[in-house]
Every structure is written in C-alpha cells, then in structure tokens.
Amino acid sequence: MKLSIIIPVYNSSEILRELNDKINKTISKTSLKNEFELVLVNDFSKDNSWEVIKELSKNFSYIKGINLSQNFGQHNAIMAGLSCCTGDKIITL
C-alpha cells in the first residue's frame, strides 16, 4: 500500500522544513517508510514557499511540488494534489 499526504501551502516557508522532518520521522516508524509521497501544493504564496518546496523535493525523493499560477484557495489546492498523487490511501492536511 502506498500513502499520499497532500498539503496545501500558503505563505508557509518558515515551517516547511520542520513539517517535512516531523512527517518523515513519523512515517519512518511505520511499514510505509518507502511507500509514501508528500505532495506540497503552493497556492500562489507571497513568500518563498515555492523555493523551499523545490529545495525539499531535490533533497527528498518522496516530495512532489505543485506550483499554482494564482491563489485558488485551499480546496482547489487539495484537488490539484489529488489529481497527481499516486497513493492507494490519501491523507489531506
């Protein structure tokens, strides 16, 4: 079973690294260690959230980043994540 975790991101550059660390530590304690993906959907943030997402996705193969062209809102950002995730089970935050 593969797990997808979808998180809409808006002006969250300062917490993204810590969020990734905590999710990674939690998942590594489960049988899903190599069977998950983290989908971060940047909803047209005004800070450097997209740059942080790109950096994290380069350093962690389980991270996928989506950059929306304008602010579509939380629900549409989640839908964008759902359209590209590959998990059998999905968690949205």
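When I say contact, or that two residues touch, I mean heavy atoms within 4.5 Å. Before I use that, two housekeeping sentences. This is a predicted model: local features need pLDDT of at least 70, side-chain atom pairs count only at pLDDT 80 or more, and totals for chains, interfaces and linings use all residues. Residues are numbered from 1 along each chain as its sequence is written, and side-chain values use heavy atoms, with hydrogens and water left out.

Start with Ile27. Which residues does Ile27 touch, not counting residues up to four places away in sequence? Leu3, Ile5, Leu32, Lys33 and Phe36.

Now the core. A nonpolar core is a set of buried Ala, Val, Leu, Ile, Met, Phe, Trp, Tyr and Cys residues joined through side-chain atoms within 4.5 Å. Buried means under 20% relative accessible area, exposed means over 50%, and partly exposed is in between, with a 1.4 Å probe and protein chains only. The largest nonpolar core has 16 residues. Those with the most contacts inside it are Ile5, Ile7, Ile23, Ile27, Phe36, Leu38 and Leu40. Strand S1 (3-9), H1, S2 and H2 each give two or more residues to this core. S1 gives the most, with four. Helices (H or I, at least four residues) and strands (E, at least two) are DSSP runs, numbered from the N terminus.

On to charges. Side chains of opposite charge can pair when their charged atoms come close. I call it a salt bridge when a side-chain nitrogen of Lys or Arg is within 4 Å of a carboxyl oxygen of Asp or Glu. How many salt bridges does a search of the whole structure find? Three.

Take Glu55 and Arg17. Their side chains meet at 3.0 Å, N to O. This pair links distant parts of the chain: Glu55 is in helix H2 (residues 49-59), Arg17 is in helix H1 (residues 16-28), and they are 38 residues apart. Glu55 is partly exposed at 35%. Arg17 is partly exposed too, at 37%.

Next, Lys64 and Glu37. That salt bridge is also 3.0 Å, N to O. Lys64 sits in strand S3 (residues 63-67) and Glu37 in strand S2 (residues 36-42), 27 residues apart. Glu37 is buried, at 2%.

Then Glu18 and Lys22. Their closest N and O atoms are 3.2 Å apart. Both lie in helix H1, four residues apart, about one turn of the helix. Glu18 is partly exposed, at 44%.

A quick stop at Ser12, in the loop between S1 and H1. Ser12 is buried, at 17%. Its side chain reaches the backbone oxygen of Tyr10 at 3.0 Å. Ser12 also touches Asp47 and Ser49, not counting residues up to four places away in sequence.

Last, cysteines. A disulfide is a pair of cysteine sulfur atoms within 2.5 Å. A search of the whole structure finds zero. Cys84 is partly exposed, at 27%. Cys85 counts as buried, at 15%.

That's my tour.

Key:
A polar contact is a pair of N or O atoms within 3.5 Å; within protein, one must be able to donate a hydrogen and the other to accept it, and residues adjacent in sequence count only if both atoms are side-chain atoms.
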